[in-house]
Amino acid sequence: MNAIEIRGLKKSFRGMFAVDGLDMTVPVGAIYGFIGENGSGKSTTEKLICGLLVPSGGEIKLFGKDYTDAGVRSKIGALIENPGCFPSCSVWHNLMMQALNLNLANPEEEIRRVLKIVRMEGSANNKFKNLSLGMKQRIGIAMSLLGDPALLILDEPINGLDADGMRIMREILVDITKNYSATVLISSHILGELEKIATHYGIIRGGKMIQEITAEEMENRCRNFVVVNCADNKKALSLLKKQYKKVELVDDKIQVYDEENPETIVEFLYKNGLLVNEIKKNKIGLEEYYLDLMRNQSKGGKK
Amino acid sequence: MITNSTKLQFDHPSFVQRIKSMLKVDFYRLFRTPLFYIMVMVSALIPALVLTMVGANEAEGAKTFTNVWQVVESISGANKGAGIMDLATMCNINMVFIFTAIMISIFVSHDYSSGYNKSIFTVHSKKVDYVISKAIVGFISGACMIVAYLLGAIIAGAICGLSFSLGKATVANLFACIFSKIGLMAIFVPLYIIVSVFFKQKLWLSIIGSFVVGILFYPVAMLTSPLNAGILHLLLCLAGSAAFGVLFGYLATLILNKRDLF
């Protein structure tokens, strides 16, 4: 069973499609990293899943049921854009309202639990408007965790968090997926952070899903490469292109792909009369993979 | 990763459970924010203000109010120049319907401006839950404001030395009048909810819109529930309120279902 299954989802605003025939599959228990440029349709998709926007077409299924099913929806925790809290109310009152909204049996106990998770126990009586951006974000996360949601939808949750906040966030997400069988859909521009926790990725562009991939597949596709800098990079580039399948000049430095041994390259260039000024081993991470994919998409090519 | 054999169980909350949880939230918020208390306080103070203003505009020797109940509502047909709306005929308990407009607008608009609606509508897929809950909370708040106005009028009238004689009306008429007005809240509140969900977080447009709608429906409150209202007035108000309340509530739900939250 899939936690989220979307087919042909469309959403237009004044004739412009923000989401245009999107297909998406999020398996139960996954941490699904939802990646895309600004305005690619990530937040709109998340809002559609949460029922905050009315779709222009397509189908959304949550845990095999229609997304309007009251039972499924009552088990969704969400943090979309910013925490939905009343600024003049205290943190406790805001959380209490959400606990009542979820009809929780022990609201006080549950609030203490989530505040402990995000390490905000001391701020329960503070007014929400008096909290810092990072603290507000933590409260938003705490709010989304109330009632052990089966599906957690987080839109840019890392924004505004400090290093400690990011670490806590990682721990929470891994914990709830492992111990509570929850599924997480998370969008973020901080791909390095996402890479540490995601089990699946979905890459969206222009309202369309351009690629869905598991973390394992991503790992396999992320190739090793060596960065070389010579006195005469032009000559080195033409020489290396004859020797290796993929060689690129990026930011005035040469990138040689699928070569794990830098010494081989140094030796090859030396034999051809070129001295290497700088050489380092590297690996394509999520960020490079994503940027490469975006570049190829812009060119109209397919990876 | 959870295997495909894993079965997740979802409780299906009944209609009553859904409404109960929404009501809990709305009442929790209502009684923990100053808005409700301010509006009740204003309703209680308005009779004193009416007495002061009308008294200040009276010609020498003329008495606009001769008893306490005139501050509350007029007896139907008692005012021969009913076409002329003076301060005394306009400024009475029916003003509470306008205060309710302001209260509902602020209450609903804050749901949008704070973003709290995101939490509500993520959990509550049925938008009717929201409308019913807001209607009940608005109805009870309106009822409290009517009672506050009545008590304020009694106290202010007593301080001004006005008579407590009901004249042509009886105590039963007074109760029928008050309960009819409380019943009429079921028409006004869903109307204000329609305007508020239409304007979403635009508070001032919502207040102005609700105010205009309130003024348009103001004569309904004046004509259907006079001070000498009888059982027929009461039944008419309750039946009409129920019917129009459901209709306006349905329209508010329709707007919520058809429109985006943002």
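Mentor: Let us begin with helix H10 (residues 262-271) of chain A, which lies across S11, strand S13 (253-257) and S14 of chain A and runs at about 150° to S14(A). Axes here are lines fitted to C-alpha atoms, for helices over the stretch in contact, with angles from 0 to 180 degrees between N-to-C directions, and a contact means that the C-beta atoms of two residues, placed from the backbone, lie within 7 Å. Helices (H or I, at least four residues) and strands (E, at least two) are DSSP runs, numbered from the N terminus. This is a predicted model, in which local features need pLDDT of at least 70 and side-chain atom pairs count only at pLDDT 80 or more, while totals for chains, interfaces and linings use all residues. Residues are numbered from 1 along each chain as its sequence is written, and chains are lettered from A and ligands numbered from 1 in the order in which they are written.

Trainee: In what order do the four strands of the open sheet lie?

Mentor: Strands of a sheet pair through backbone hydrogen bonds, either parallel or antiparallel. In this sheet of chain A the order is S12-S13-S11-S14, with antiparallel pairing, where two strands pair if DSSP finds at least two bridges between them. Strand S12 (247-250) and strand S14 (276-283) of chain A are the edge strands, each pairing on one side only.

Trainee: How many bridges join S11(A) to S14(A)?

Mentor: There are seven, between antiparallel strands, and Asn224(A) stands opposite Lys283(A) in S14(A). S12(A) and S13(A) are also antiparallel, paired over four bridges, and Val247(A) has Val256(A) of S13(A) as its bridge partner. Their hairpin has two residues between the strands, and Asp251(A) there takes a positive phi near 50°.

Trainee: At what angle do H3(A) and H4(A) pack?

Mentor: Angles under 35 degrees count as roughly parallel, over 145 as roughly antiparallel, 65 to 115 as roughly perpendicular and the rest as oblique. H3(A) and helix H4 (residues 107-117) of chain A pack at about 120°, with their axes 10 Å apart, so H3(A) is oblique to H4(A).

Trainee: Why is H6(B) described as largely enclosed?

Mentor: A residue is buried if 20 or more other C-beta atoms lie within 10 Å of its own, exposed if 12 or fewer, and partly exposed in between, with C-beta atoms placed from the backbone. Helix H6 (residues 116-123) of chain B is largely enclosed by the rest of the structure because eight of its eight residues are buried, including Tyr116(B) and Phe121(B).
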